[in-house]
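Hi,

Here is the structure I promised to pass on. Please have a look at it first, and then read my notes below.

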Amino acid sequence: MSDSGKDIWPTEIKLAAGKRALTIAFDDGTSFEIPAELLRVMSPSAEVQGHSPEQRVTVGNKRNVGIRDVRAIGNYAVQIVFDDGHDTGFYRWAYLHDLGRHESDHWQRYLDDLAAKGLVRG
Amino acid sequence: MPAELSRATVLEALKTVAGPDGRGNLVDLGLVSEVVLANRKVYFSISVPAERAAKLEPLRLAAEAAVKKIGGVDSVSAVLTAERSQGAPAAKPVAGGAAARPAARNAQIVVPGVKYIVAVASGKGGVGKSTTAVNLALGFQAIGRKVGLLDADIYGPSVPRLLGLSGKPQILQGRTIKPMTGYGLAVMSMGFLVDEGTPVIWRGPMVISALTQMLKDVAWGNLDVLVVDMPPGTGDVQITMAQQVPLAGAVIVSTPQDLALIDARKGLAMFQQVSVPVLGFVENMSYFICPSCGTRSDIFSHGGARHDAERLGVPFLGEIPLHMEIREKSDLGTPIVAAAPDSPHSAIYRDVATRCWAALEGGTTGAKAAPRIVIE
């Protein structure tokens with residue numbers, strides 16, 4: 001009825017025992033394992049994204065970040081609680097799908113950003 | 001030759017339709033749960049086991065065809081209702097402790113016993129949202145549903161006045177509040193807790209805490225529908241409802257005026273962003289018929305909400321005229337659907353309720369269940 005019905009939709013979000021990645025299965029049959037590090041540095045939170053592209057913060061030293069908890073936000077997103085205390089990002093379904101589908105592009109951009117700002121993965 | 005349209009003739013017609021297993025008939029098997037007649041339109045629902053609902057479409061069509069044979073019927077709408085044992089997301093208790101819990105594993109507010117929570121919203125204030133919410137709730141009741149009404153407008157609660165309710169709700173054991181009862185509806189409002197003349201001057205967090213309590217700490221009992229009269233706008237209450245309450249759908253009320261429609265579209269966009277199904281638009285104050293000369297005036301223009309609904313791809317649920325009787329009965333605390341159930345205006349509200357119910361039960365809202373969250 002609304003546009004949301006046509007959108008990509010996850011069926012299961014799994015945090016494996018190691019707490020270092022989320023495995024997300026979507027209703028189009030795709031499934032992605034997204035590392036906690038990428039989720040952390042790409043957090044949709046305003047603390048990372050700012051309020052415009054120029055304000056975006058490149059986050060370093062997150063190679064070993066883990067995920068402490070995953071919480072449902074309504075019917076449209078999950079909140080990921082990282083073990084470094086960051087928990088203000090609400091990950092929408094389409095955002096998670098994009099992170100999974102274009103993972104290598106996002107990685108490359110992250111590594112380029114780190115290099116450009118003289119930061120390290122830690 | 002065709003019999004005359006009445007509840008009895010509809011039931012007679014349905015007696016000619018065999019049950020799901022080819023035995024008996026729909027009426028004697030007790031599967032016809034309600035029959036609603038409105039303006040030569042007939043609505044009814046047939047209870048079937050949830051797992052067989054998909055295969056019983058021919059049964060539904062046969063029932064519609066049987067009723068269409070009655071004289072004076074313009075349209076027939078039969079809905080297959082899954083038997084209650086299936087339960088809805090809203091009615092599921094929270095499973096605690098298990099490793100793989102459903103998505104409601106956190107701060108989600110669970111309202112046990114309530115099958116569907118439906119928000120009635122508008123972008124702008126003053127479009128008659130509360131009047132619509134009250135009469136829609138009574139409309140659901142008129143088609144045989146058990147209904148509650150939550151007034152989520154903390155700053156400007158209108159529901160006590162609209163239902164003629166006053167006094168304080170009773171506190172049950174612990175910290176549970178017993179809802180008030182008005183015209184058969186279970187009702188809760190901030191207006192029961194403060195005097196009508198006293199303003200609530202609160203910042204957002206207080207509002208959210210009050211709203212949470214009115215959902216969680218009220219003994220709503222078993223309800224088919226809890227109608228929530230939302231405050232206007234897209235602020236704190238709306239965010240809390242979208243993020244923490246399992247809303248089954250939203251109804252957006254607007255006048256046909258452009259100024260109101262601009263904000264109604266924002267309301268629609270908000271619900272779409274948070275994946276709450278929009279059941280449709282209602283156009284309030286749609287037109288005015290002069291009681292003395294019968295001339296029709298489109299005071300706020302006309303058809304704007306219907307046009308917007310079509311353009312934006314959401315259902316249009318109905319148009320309610322600007323009529324003195326609706327306004328007077330509202331201010332007197334005797335809402336029109338309860339006070340004058342046979343009036344044409346009441347039929348419109350019942351019609352809107354029937355469409356909403358059909359969408360909720362028929363699974364045509366586009367709602368998808370939240371994903372399972374598994375933590376190993």
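In strand 8 of chain B, Ser189(B) is the bridge partner of Asp151(B). Asp151(B) belongs to strand 6 (residues 147-151) of chain B, and this strand pairs with strand 8 (residues 185-189) of chain B in the parallel sense over 4 bridges. Two strands are taken to pair if DSSP finds at least two bridges between them. Helices (H or I, at least four residues) and strands (E, at least two) are DSSP runs, numbered from the N terminus.

Strand 6 of chain B also runs parallel to strand 9 (residues 223-229) of chain B, joined by 5 bridges. There, Leu150(B) stands opposite Val228(B).

How many residues of strand 6 of chain B are buried? The count is 5 of its 5 residues, so the strand is mostly covered; buried means under 20% relative accessible area, exposed over 50%, and partly exposed in between (1.4 Å probe, protein chains only). Val147(B), Leu149(B) and Asp151(B) point one way, while Gly148(B) and Leu150(B) point the other way, and all are buried.

A note on the basis: this is a predicted model, in which local features need pLDDT of at least 70 and side-chain atom pairs count only at pLDDT 80 or more, while totals for chains, interfaces and linings use all residues. Residues are numbered from 1 along each chain as its sequence is written, chains are lettered from A and ligands numbered from 1 in the order in which they are written, and side-chain values use heavy atoms, with hydrogens and water left out.

Now to the aromatic rings. The whole structure holds 5 aromatic pairs over all chains; rings of Phe, Tyr and Trp (its six-membered ring) pair if their centres lie within 6.5 Å, and planes under 30 degrees apart count as stacked, over 60 as edge-to-face and the rest as tilted. One of them is edge-to-face, because the rings of Trp9(A) and Trp93(A) have centres 6.0 Å apart and planes at 65°. This pair links distant parts of the chain, 84 residues apart: Trp9(A) is in the segment before strand 1 (10-15) of chain A, and Trp93(A) is in helix 3 (residues 93-101) of chain A. Trp9(A) is buried at 4% relative accessible area, and Trp93(A) is buried at 5%.

Trp107(A) and Tyr110(A) form a tilted pair, because their centres are 5.4 Å apart and their planes at 45°. Both lie in helix 4 (residues 103-116) of chain A, 3 residues apart, about one turn of the helix.

Best wishes
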